[in-house]
Amino acid sequence: MTTTELHRPELRPSDTRRAFRTVRGLLLAYAGLSAATLAVAFLLRDHADLVTPSVWVRGTIVTAGAVVAVLIAERAARGSRTAYRRLRIISGAMLAATVVIIALPGTFPAWFKAEQGLCGLALLGVAAVLNGRHLRTLFARL
């Protein structure tokens, strides 16, 4: 039970654990998919039409961001209101950036945009859980 829950007896600890388990799972899937994308880019590095410099840059940034998000989620799950707020902002920003990447014509190869779409779905789930009533109530100012 987090310290925040001690001040909110109407919230069930099992709901909080479930919410953060879901967030953690989605973020780990996002991180794993991002790391796998870099591995695929490495394997296809000799195909300039499939692996552009933008794939390397975006892939590296996404993977690093996913790892940071997982670490922040762990702090939020332990009751850090600051970490929770950061995670809400970061997940929303990463989701918006993913939508832009997919929408930009000609900047990234189709396989990379498809991968970004899968990452976007994971981030959409993260954002939905983080912005749900339970966690917003849990981390509301006392």
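A: Among contacts in the protein between residues at least 6 apart in sequence, 74% join residues at least 24 apart. Keep in mind that this is a predicted model, where local features need pLDDT of at least 70 and side-chain atom pairs count only at pLDDT 80 or more, while totals for chains, interfaces and linings use all residues. Residues are numbered from 1 along each chain as its sequence is written, and side-chain values use heavy atoms, with hydrogens and water left out.

Q: Which residues have the most contacts inside the largest nonpolar core?

A: Val23, Leu27, Tyr30, Leu87, Leu130 and Leu135, in a core of 26 residues. A nonpolar core is a set of buried Ala, Val, Leu, Ile, Met, Phe, Trp, Tyr and Cys residues joined through side-chain atoms within 4.5 Å. Two or more residues each come from α2 (13–43), α3 (53–77), α4 (81–103), α5 (110–130) and α6 (133–138). Helix α3 gives the largest share, seven residues. There's also a second, separate core of six residues, including Ala41, Val51, Val55 and Phe108.

Q: What does Leu87 touch, leaving aside neighbours within four places in sequence?

A: Leu87 is in contact with Val23, Leu27, Ala69, Ile72, Ala73 and Leu130. Take Ile72 from that list: this residue lies in helix α3 and counts as buried, at 12% relative accessibility. With the nearby sequence left out in that way, Ile72 contacts Ala83, Arg86, Leu87 and Ile90.

Q: Changing topic: what is the end-to-end distance of α5?

A: The end C-alpha atoms of α5 are 30 Å apart, which agrees with the 30 Å that its 21 residues should span. The expected span is 1.5 Å times one less than the number of residues.

Q: What do the buried residues of α5 pack against?

A: They pack against α2, α3, α4 and α6. Among the buried ones in α5 are Phe112, Cys119, Leu123, Val126 and Leu130. In α2, the buried residues include Phe20, Val23, Leu27 and Tyr30.

Q: How many aromatic pairs turn up?

A: A search of the whole structure finds four. One is Phe108 with Phe112: the ring centres are 5.2 Å apart and the planes are at 20°, so the pair is stacked. Trp111 and Phe112 also pair up, and they are edge-to-face, at 5.8 Å centre to centre and 85° between the planes.

Q: What are the cut-offs for those words?

A: Rings of Phe, Tyr and Trp (its six-membered ring) pair if their centres lie within 6.5 Å; planes under 30 degrees apart count as stacked, over 60 as edge-to-face and the rest as tilted.

Q: Are Phe108, Phe112 and Trp111 buried or partly exposed?

A: Phe108 is buried at 11% relative accessible area, and Phe112 is buried at 0%. Trp111 counts as partly exposed, at 23%.

Q: Which residues form an aromatic cluster?

A: Phe20, Tyr84 and Phe139 form one. Phe139 also touches Ser80, which contacts Arg75 as well, not counting residues up to four places away in sequence.

Q: Where is Ser80 found?

A: In the loop between α3 and α4. Ser80 is buried, with a relative accessible area of 16%.

Q: Last one: what lies over the face of Phe42?

A: Arg45 does, at 4.0 Å from the ring centre. A charge sits over a ring if NZ of Lys or CZ of Arg is within 6 Å of the ring centre and within 35 degrees of the ring normal.

Terms used:
Buried < 20%, exposed > 50% of the residue type's maximum accessible area, 1.4 Å probe, protein only. Helix = DSSP H or I, 4+ residues; strand = E, 2+ residues; numbered from the N terminus. Contact = heavy atoms within 4.5 Å.
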